[in-house]
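This briefing is meant to be read with the sequence and the 3D structure side by side. Please look at the picture before moving on to the notes on each chain, on the contact between the chains and on the packing of helices.

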Amino acid sequence: MRPRDWEPGQMLRPYGDRRDDGVVQLSFVLPVPPGERAREAAAEVARKMGMEQVHVAAMEPAAERYTFFVVYGRTSVSVDYAALSVPEVVVRKKGFDELNEYALREVGRRIVVIGACTGSDAHAVGIDAIMNMKGFAGDYGLERYACFEAANLGAQVENAELARICKEREADAVLVSQVVTQRDVHKENARQLLGELERLGIRGRVTAILGGPRIDHRLAVELGYDAGFGPGTKPSEVANFIVGAVLKRMGKEMH
Amino acid sequence: MLLTDGRHVPDLPLDRAAVDRCRALADQVTAQVLGFVGRHSTVSIERTVLRLYGLHDAGPRGVPLVNLAVDALHEKRLLGRGAAYWMGYALRRGATDPMGVVERLVALPANPEPLPEAEERAMLEEMRREARANVDELRARVRRRNALKDELGVGPRPHKYLIVATGNIHDDVEQALAAAQAGADVIAVIRSTAQSLLDYVPHGATTEGYGGTYATQENFRIMREALDDESRRLKRYVHLTNYSSGLCMPEIAFAAAWERLDMLLNDAMYGILFRDINMKRTLCDQHFSRRICALADVIINTGEDNYITTADADEAAHTVIASQFVNESFAHRAGLPDRLIGLGHSFEIDPGREDTVAREFAQALLVRTLFPEAPIKYMPPTKHKQGDIFFSHAYDVMADVVGYVTGQGIQLLGMMTEAMHNPFLMDRYVALKSADYVYRAWRSMGAEITFRPDGVVQRRAQETLREALALLEEVARDGLFQAIGKARFGDVAREEDGGKGLAGVLERGPRYFNPFLELMEAR
């Protein structure tokens with residue numbers, strides 16, 4: 001257990017210049033031309049958000065009937081840090097060689113991982129960063145690990161097709177990347193894959209992982225996934241999580 | 001170096017013999033492909049021919065008439081004669097309107113009775129005359145566009161290019177006008193996700209698109225008319241661009257040409273590599289779509305920037321250059337002059353490394369120097385963008401500086417919220433404001449800067465050119481199909497007979513008839 005980096009009962013407030021001053025900055029556009037009434041409207045928006053000592057730092061015409069604002073203010077709210085409930089992906093982290101050796105020994109075979117960008121989503125940057133040999137930010141991708149049999153199916157893979165491949169290849173884990181989030185298309189798409197896995201009767205055998213710039217663990221779990229990884233995630237974090245999940249299904253704990 | 005538009009960029013000495021050799025090799029590569037293209041057609045090319053004849057509408061359930069007609073011909077293996085021939089045939093047999101043509105084509109037997117020789121000759125002449133009239137009308141529309149551009153004038157280069165992507169064409173118009181008022185020179189309407197894989201062009205105005213707005217002829221018309229009005233009000237011509245890519249490359253090129261768009265994303269290899277479209281299909285389609293762009297004075301933008309979002313930007317820099325030579329040669333073979341060949345590249349080297357600006361300067365200047373007349377399109381960083389919008393903004397400004405000093409033609413402005421969501425109004429505003437600052441502040445620096453002989457920038461550019469030459473030697477030896485099979489571009493491998501859309505490729509018969517191609521090739 002890591003030593004806690006906060007005090008029990010600690011109340012948190014944003015920190016600008018001095019502890020607990022509550023200073024926050026905001027920027028937004030109002031669909032009116034600039035002027036004193038517009039400035040007051042911007043300030044009022046901030047006040048209604050609970051900000052005090054509001055200061056409209058910039059008011060600029062962003063187009064003929066639109067004004068861009070930068071607003072500063074102080075919020076009086078505070079947060080009980082210890083009382084928050086935060087589902088977190090708990091990953092015990094091993095290095096590249098250590099994880100390979102450990103997983104091959106404990107699982108006794110290579111772990112099959114399938115990755116794809118599903119549905120209509122054509123943005124393969126995220127899945128590529130996690131899956132491809134080269135990886136991301138100097139951290140090797142899953143294809144590079146001896147303990148994984150990793151296949152990246154790329155972009156615009158249909159959910160039914162992905163589920164079928166998972167069954168055919170007896171996948172242990174499926175990684176789904178969702179980048180396009182307009183009108184929550186990513187949520188529906190993500191749920192659909194789980195439905196397909198259920199339909200084939202393999203949901204229980206496959207660890208389902210969701211990733212993307214607007215994904216976090218909480219959302220992924222809400223959608224029915226085993227884990228969610230947001231922006232900046234390194235392949236090694238996903239690798240460690242998958243090994244832990246596979247061991248857990250085997251009734252073992254990752255040490 | 002002095003550019004023809006009067007801008008100065010720093011000099012970059014290059015090995016002339018190596019540059020000439022790159023061009024000669026690229027010509028060899030495309031010559032092999034053009035042989036194939038000349039013997040084949042595709043369903044999308046034939047649909048475009050029918051659209052050029054005025055079959056714009058959709059039938060029951062929204063299926064475009066051209067799809068109904070061409071699918072019927074293809075199924076009966078009649079398409080090798082050319083859709084134009086069969087349209088003429090249907091007219092001779094009594095069709096009087098587009099729906100009548102379609103009905104007759106659908107009802108054709110597998111072995112239609114041939115027309116009497118004299119009648120056939122007269123029919124072909126009639127179809128040629130009609131084609132000439134329609135091309136003249138298209139050219140007249142393009143002249144109207146160019147006249148407005150000449151009358152109002154355009155903004156300073158690089159042209160500031162901004163994206164709208166709401167999914168509703170009417171909201172797109174509102175955002176595009178706001179962007180134009182804030183200084184945008186080019187508006188791109190992002191297409192709905194996965195449109196590239198549709199083997200038809202949706203019909204009508206879009207109000208519910210995902211990830212963007214469908215490229216349809218009606219959407220093009222709505223946006224161009226709104227921008228015409230706004231251009232007149234602002235007394236500055238605002239360009240419009242869209243995407244001629246995917247399975248309907250040439251049809252979208254036609255719709256764009258007809259509705260007076262100024263530019264089109266159009267890459268010879270992008271669909272193959274990044275959308276897994278069959279290479280034979282795309283290579284045929286790109287040629288015909290570029291013929292239309294040449295006819296309608298539309299600037300094409302190629303997609304080499306995409307290579308370095310998959311492969312490492314620094315390691316794959318030479319693949320961008322090699323591909324640009326190939327794209328240039330394909331464009332020349334389709335009749336496009338240099339002033340319409342907007343080769344693409346981008347500012348994508350991992351910002352966590354050292355000396356990235358020197359290496360970006362080297363790359364941007366190399367592209368500029370190799371293709372001095374081309375309206376080069378420079379893309380901002382995307383791959384290494386994350387949620388810190390403040391850093392992201394600074395990072396975009398760095399790309400603006402490199403683009404401005406190296407005299408690029410079109411500068412796609414980076415969005416500080418790139419990694420998060422479609423651009424907001426305020427994202428565009430701050431991007432335009434800082435780009436204007438860069439253009440003012442760096443005004444004379446292109447002419448002032450001299451890079452040290454044998455310094456980091458010059459050596460890096462020369463090294464990239466050498467590597468591009470080596471790659472082109474290999475591609476010319478193996479052929480383009482094989483080179484793509486070996487993942488030489490963008491780290492993506494594709495098979496000759498894999499991917500989507502191969503079923504839509506067909507051999508031209510000995511009496512293939514395409515009067516538009518005849519006119520375009522004679523230009």
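Of the 255 residues of chain A, 36% count as buried, whereas in chain B, which has 523 residues, 57% count as buried. Both values come from a predicted model and should be read with that in mind.

**Chain A**

- The secondary structure of chain A is made up of seven helices and 10 strands, and its C-alpha trace spans about 70 × 45 × 35 Å when it is followed along its principal axes.
- If one takes the contacts in chain A between residues that are at least 6 apart in sequence, 65% of them join residues at least 24 apart.

**Chain B**

- Chain B contains 20 helices and 11 strands, and along its principal axes the C-alpha trace of this chain spans about 75 × 55 × 40 Å.
- The radius of gyration of chain B is 23 Å, which agrees with the value near 24 Å that a compact globule of 523 residues would have.
- Among the contacts in chain B between residues at least 6 apart in sequence, those that join residues at least 24 apart make up 77%.

**Where the chains touch**

- Across the two chains, 22 residues of chain A are in contact with 21 residues of chain B.
- On the side of chain A that touches chain B, the elements that give two or more residues are β2 (23–30), β3 (51–63), β4 (66–75) and α3 (125–131) of chain A, and the largest share, three residues, comes from β2(A).
- Sorted by class, this side of chain A has 13 nonpolar, five polar and four charged residues.

**Two helix pairs**

- In chain A, helix α4 (residues 159–168) and helix α5 (residues 185–199) pack with their axes 9 Å apart and at an angle of about 45 degrees, which means that α4(A) is oblique to α5(A).
- The crossing in which α4(A) passes α5(A) is right-handed, and the contact is made by A:Asn159, A:Ala160, A:Leu162, A:Ala163 and A:Cys166 of α4(A) together with A:Gln192, A:Leu193, A:Glu196 and A:Leu197 of α5(A).
- By class, the contact of α4(A) with α5(A) consists of six nonpolar, two polar and one charged residues.
- In chain B, the axes of helix α14 (residues 356–370) and helix α15 (residues 389–405) cross at roughly 40 degrees and come within 9 Å, so α14(B) is oblique to α15(B).
- The crossing of α14(B) and α15(B) is right-handed, with a contact made by B:Val357, B:Glu360, B:Phe361 and B:Ala364 of α14(B) and by B:Met398, B:Val402 and B:Gly403 of α15(B).
- By class, the residues in the contact of α14(B) with α15(B) are five nonpolar, one polar and one charged.

**One residue in a loop**

- B:Tyr210 lies in the loop between β3 (186–189) and α8 (217–234) of chain B.
- B:Tyr210 counts as partly exposed, because 19 other C-beta atoms lie within 10 Å, and a residue is buried if there are 20 or more.
- B:Tyr210 and B:Pro375 are 165 residues apart in sequence, and their C-alpha atoms are 31 Å apart in space.

Terms used. Residues numbered from 1 in each chain as written. Chains lettered and ligands numbered in written order. Predicted model: local features only at pLDDT ≥ 70, side-chain atom pairs only at ≥ 80, totals over all residues. Helix = DSSP H or I, 4+ residues; strand = E, 2+ residues; numbered from the N terminus. Rg over C-alpha atoms; globule rule 2.2 N^0.38 Å. Buried ≥ 20, exposed ≤ 12 C-beta atoms within 10 Å, placed from the backbone. Contact = placed C-beta atoms within 7 Å. Axes fitted to C-alpha atoms, helices over the stretch in contact; angles between N-to-C directions. Parallel < 35°, antiparallel > 145°, perpendicular 65-115°, else oblique. Left-handed = near helix turned anticlockwise from the far one by under 90°. Nonpolar A, V, L, I, M, F, W, Y, C, P; charged D, E, K, R; others polar.
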